[in-house]
Amino acid sequence: DGPSTLLIINPNSTSTIYYTTDGSDPRLPGGAFSPEAISGGINEVEVEFAASGILKTRIHYGGDWSPLKEINLISNNEDYSKLVITELHYHPDDLVILDDTTQGKDMEFIEFKNIGSSAIALGGLILDSAIYYEFPDEGLLAPGQFHVAAAKPSKFFLRYGMQASGNFQKNFSNGGEQILLNDPDGNPLINFTYSDDPPWPTEPDGEGNSLVSADINPTGNPAEAVYWTKSHEIGGSPFADEPLSASIDQGSSSGADILVYPNPTSDQLNIELPGSGVDQRTLSQIPEDC
């Protein structure tokens, strides 16, 4: 149950091992040493780790670096507390390109994010409810990164120009359904039922928006409607934080958010006040990097 150990062996006794465990390269562009690089000695080094991570290592000799080697470090006691669901596109609209129509159900997807500071091993996790999906055995989700499973990866690529992380079986119900994510031992990690009825956002039910977490790094309960909002982009924003909303503290006791978008802008700025629709204000002097 304690830390695990990895042994790195260097057959060249005149060079030095350098490594990192945060996923960064021990060599900076141009050849300098990264401040995160750890000098591991000449012949061999033992790397002890208690959490999953990405080890990258190179050999340094006479000012030259070896090719980069990368190894996934998988903890025996994985902490899944920072793995959260951030987007669900359960009822996409149809995609029409010229005379070709792709059914909306083929572009369904679900997105997870690592909001922690260390990598999370995804192997053994299973979605087994509305859809069925086994996460890849060697999958490792770095801090701040996303894992997106899609109904039809080829259709997902057609719509978004990106490769989905995986392919789930079955489809989501348009009227609401249970989402259950189990850990490798079969224990529930995420378990909730989404809805298309108020107070849940209703636009994701066929109007083109997806269901997205109201916070970029959510810590609440996805079973509660307040956890969710609609995406501002039609089709959502897979593999990315919701791009068009920003929370501004106005010192109000109501806790309501003001949405300001798009950002950046050089022409028109949209300001959406709680419960008031969109107040569009054209600002002629907005700098381009606003």
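Student: Which residue in β19 does Ile179 stand opposite?

Tutor: In this predicted model, Ile179 stands opposite Phe192 in β19.

Student: What makes β18 and β19 a pair?

Tutor: Two strands pair if DSSP finds at least two bridges between them. Strand β18, residues 178-182, is joined to β19 over 5 bridges, in the antiparallel sense.

Student: Why is β19 called an edge strand?

Tutor: The open sheet of 4 strands has the order β14-β13-β18-β19, with antiparallel pairing. Its edge strands are β14 (132-134) and β19 (188-193), each of which pairs on one side only. From one strand to the next, the twist averages 15°.

Student: How do you know that β16 and β17 pair?

Tutor: Strand β16, residues 146-150, and β17 share 2 bridges in the parallel sense. The cut-off is at least two bridges, so β16 and β17 pair. Ala150 stands opposite Asn167 in β17.

Student: Where does β17 stand in the open sheet of 6 strands?

Tutor: The order is β17-β16-β11-β8-β20-β21, and the pairing is mixed. The edge strands are β17 (166-167) and β21 (228-230), since each pairs on one side only.

Student: What makes helix α1 a helix that packs on the sheet?

Tutor: Contact means heavy atoms within 4.5 Å. Helix α1, residues 153-160, touches β8 (83-89), β11 (109-114), β16 and β17. By that cut-off, therefore, helix α1 is in contact with these strands and packs on the sheet. The direction of helix α1 makes about 120° with that of β16.

Methods
Residues numbered from 1 in each chain as written. Predicted model: local features only at pLDDT ≥ 70, side-chain atom pairs only at ≥ 80, totals over all residues. Heavy atoms only, no water. Axes fitted to C-alpha atoms, helices over the stretch in contact; angles between N-to-C directions.
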